[in-house]
Amino acid sequence: MRTARICEKWDLDFNIELKDEGDRNLHKRSYLHYATSRPDLVACKSYATEWLFKDIVDETKEYTAIEYMAGIGIQTIIAQNTFKLSNHTVNELDEGCIDHLSNSNFPLDLEVLGNDARELLRKGDHYDLKFLDFPSSSILRVTREWNAEFSKLFKSKPRMVVWTDTSITYSMKINGHRYADITGVETKTNDDYVNGYSKWLFENHGYSIVKAAFRHRNAVYFAAVEGLHETESRYFKLKDTNDGFYFLDKQGVSLEQFM
C-alpha cells in the first residue's frame, strides 16, 4: 500500500498496484498513470479543485453528490472534506480505478459504479452536486457529440455542476472563431472564452460559471450554479503546486524530472 497526501491536508491510500502506462495509447491511459508518472499535474489539479469548491454552496447543509468520471478520487476526497454529504456516488470505467475507489480510505463510504458515463447521464438523476471530469473537452464537444448528455446535467436543477475543459491547451487563435460562433462573444483570450461560455450556458441552461480554476496551461475546471453570475478566475502553476499531491514515501520530487 502507498499513501498520497492531498493539498498537505488529507491522506489517500492506494491499495492497488501503481504502474506507468507510458506504453499505452495516450487516450487509453487511466488516471493511475498520471498519479505515478505526472504527479505534478495531479498536484496542480488538487489545489485548483480545493479552491474551486470553496464558498459556492452553503457548506453547513447536507447534499448528495455524483462523479461521472471519478478517476483516482482526487475530487472525491476534496469534495468529502469540503461539503457535508449524505450520499456520494462515483462512477468509473477503468478496473484499476474502480478497485481503488472501492477499497480506499474515504471519510464517507462510496457507492461505486462501473458504467459508461454517457449512459449514466442519459438516464438522468437528482443529485445536488454533479461532477464531470472530462479527459478532453471544450464548448465544441458539449454542443456536439456530448450535447444530449451535457444538457442532462442541468435538467434536475442541481445546486452545483463542475466539469473539466481542456480548450486552453491550444491558443485561442486556433479555435477562438469557432467558439465565438457558438457563444456570440469575440474570443481572443482565455477570459473571453470563459465569459462567452458562461453567457451561452445561462442562455441555454439557466446556469452560469461562478468560478474557473486554471490548471497550468492545459485545463480549466468550471463550477456553475443557477442564475447569472460574474466569474471568479484563478490560475494555478505547476511550479507553485508541487506539494498538492505526493506519495509519502517520495516527497519533494523536482518538477524537472517530469519535463
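In which helix is S46 found? I located S46 in helix α2, residues 39–53; helices here are DSSP runs of H or I with at least four residues, numbered from the N terminus.

I noted that the model is predicted, that local features need pLDDT of at least 70 and side-chain atom pairs pLDDT 80 or more, while totals for chains, interfaces and linings use all residues. Residues are numbered from 1 along each chain as its sequence is written, and side-chain values use heavy atoms, with hydrogens and water left out.

**Entry: S46.** Leaving aside neighbours within four places in sequence, I listed I6, C7, I74, I78, G244 and F245 in contact with S46 (heavy atoms within 4.5 Å).

**Entry: cores.** I then looked up the largest nonpolar core, which has 49 residues (a set of buried Ala, Val, Leu, Ile, Met, Phe, Trp, Tyr and Cys residues joined through side-chain atoms within 4.5 Å). Helix α2 gives the largest share of this core, nine residues. I6 and F245 are among the residues with the most contacts inside this core. Beyond neighbours within four places in sequence, F245 is in contact with residues including A4, F14, V42, S46 and I72. A second, separate core has 33 residues, among them Y127 and W163.

**Entry: W163.** I found W163 buried, as is F154. Both belong to one aromatic cluster, which also includes F150 and Y179.

How values were computed: Helix = DSSP H or I, 4+ residues; strand = E, 2+ residues; numbered from the N terminus. Buried < 20%, exposed > 50% of the residue type's maximum accessible area, 1.4 Å probe, protein only. Phe/Tyr/Trp six-rings, centres within 6.5 Å; stacked < 30°, edge-to-face > 60°.
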